[in-house]
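Please look through the model below before reading on. The numbered points that follow can be checked against it one at a time.

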Amino acid sequence: MKIVVAGISGNLGKSTLAAHMLVPRMKNAKLLIVESINQDTKDLVDVSEKIRGEDFKKIYMELVLNDDLVVDVGASNAEAFFEGLSSFSQGYDEVDLFVIPVVPGAKEQAESVLTARMLEAMGVEKDKIRVVFNRVKRSVEDEFPELLHLAAELECFIANPECMVFENDIYEDLADLSLTLNDACTMACNDLKELKGDLRRVAHDPAKFALAMKKLNVAKKANNTFVQLNEAFNALIGGA
């Protein structure tokens, strides 16, 4: 499967979703980073490459060459990427899914819809354009009413409310610790007692305490997060 994660807005969690939700659930998937300003997660995937959005021909060749690929398009390169996409005749033909993260906020929802409409204008089919509701606090229906309304009205993209990822500080801590979610799940199984002991031992040292707290936090949240990402991924690729 070949997935492009893109959006014209910044700070949507594209890199986090690519590294933690998509790549680990795709067989031997390569992560192609279309260079952006914030790449905290690039070290969390074994095989990755960075490329600029204006060099779309290289991106397209990677799509042709790889059976399983996630293309993480940073907001700083989104305009160049979409220009390159439109410059090729059916430049999207090697892409199975375009994933557009959306976060709460009227502006962010409007810009995610605009991204979907840009893809529609290039000829991308509705079923290939799918939204991930990201940083959900309680309910997709309560936090994304405008996007859900436009999805029904425009009928140019899929917005499945079950494809959601909850707000969770585990991702920031994983990035700070340079850990994958799988690493954190292993810690949860094997190291909880030791992590709790470490926290008690360094309570007098603010810097060491902060580090120990992050390790314990990711271990305690890892398994629930893993299950929730499985559910979101299954909702995303259903029918693809």
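1. A residue is called exposed when its relative accessible area is over 50%, buried when it is under 20%, and partly exposed in between. Lys107, with a relative accessible area of 55%, is therefore exposed. Note that the model is predicted.

2. Lys107 also has a charged partner. The side chain pairs with Glu111 in a salt bridge, and the closest N and O atoms are 3.0 Å apart. Side chains of opposite charge can pair when their charged atoms come close.

3. How many salt bridges are there by the rule used here? The count comes to 8. Another of them joins Lys58 to Asp55, with 3.4 Å from N to O. Lys58 has 46% relative accessibility, so Lys58 counts as partly exposed. Asp55 is at 21% and is also classed as partly exposed, since the cut-off for buried is under 20%.

4. A further salt bridge links Asp127 and Arg130, whose closest N and O atoms lie 3.0 Å apart. Arg130 is buried, with a relative accessible area of 4%.

5. Arg130 belongs to strand E6, where Val99 stands opposite Arg130. Strand E5 (residues 97–102) is joined to E6 by 5 bridges, and the two strands run parallel. As a general point, side chains in a regular strand alternate between the two faces of the sheet.

6. Cys156 is in none, and its nearest cysteine sulfur, that of Cys163, is 16 Å away. Likewise Cys163 is in no disulfide, with the sulfur of Cys156 as the nearest one, at 16 Å. A disulfide would need the two sulfur atoms within 2.5 Å. Cys156 is buried, at a relative accessible area of 2%. Cys163 is buried too, at 1% relative accessibility.

7. Helix H10 runs from residue 206 to residue 237 and has 32 residues. From its first C-alpha to its last, H10 reaches 43 Å, which is close to the 46 Å expected at 1.5 Å a residue. At the start of H10, a side-chain oxygen of Asp205 comes to within 3.2 Å of the backbone nitrogen of Ala207.

8. What does the side chain of Asn217 contact? Asn217 lies in helix H10, and its side chain makes a polar contact of 3.3 Å with the side chain of Asp169. Asn217 has a relative accessible area of 17% and is therefore buried, as the cut-off is under 20%.

Definitions and conventions
Residues are numbered from 1 along each chain as its sequence is written. This is a predicted model: local features need pLDDT of at least 70, side-chain atom pairs count only at pLDDT 80 or more; totals for chains, interfaces and linings use all residues. Side-chain values use heavy atoms; hydrogens and water are left out. Helices (H or I, at least four residues) and strands (E, at least two) are DSSP runs, numbered from the N terminus. The expected span of a helix is 1.5 Å times one less than its number of residues. A polar contact is a pair of N or O atoms within 3.5 Å; within protein, one must be able to donate a hydrogen and the other to accept it, and residues adjacent in sequence count only if both atoms are side-chain atoms. A salt bridge is a side-chain nitrogen of Lys or Arg within 4 Å of a carboxyl oxygen of Asp or Glu. Buried means under 20% relative accessible area, exposed over 50%, partly exposed in between (1.4 Å probe, protein chains only). Two strands pair if DSSP finds at least two bridges between them.
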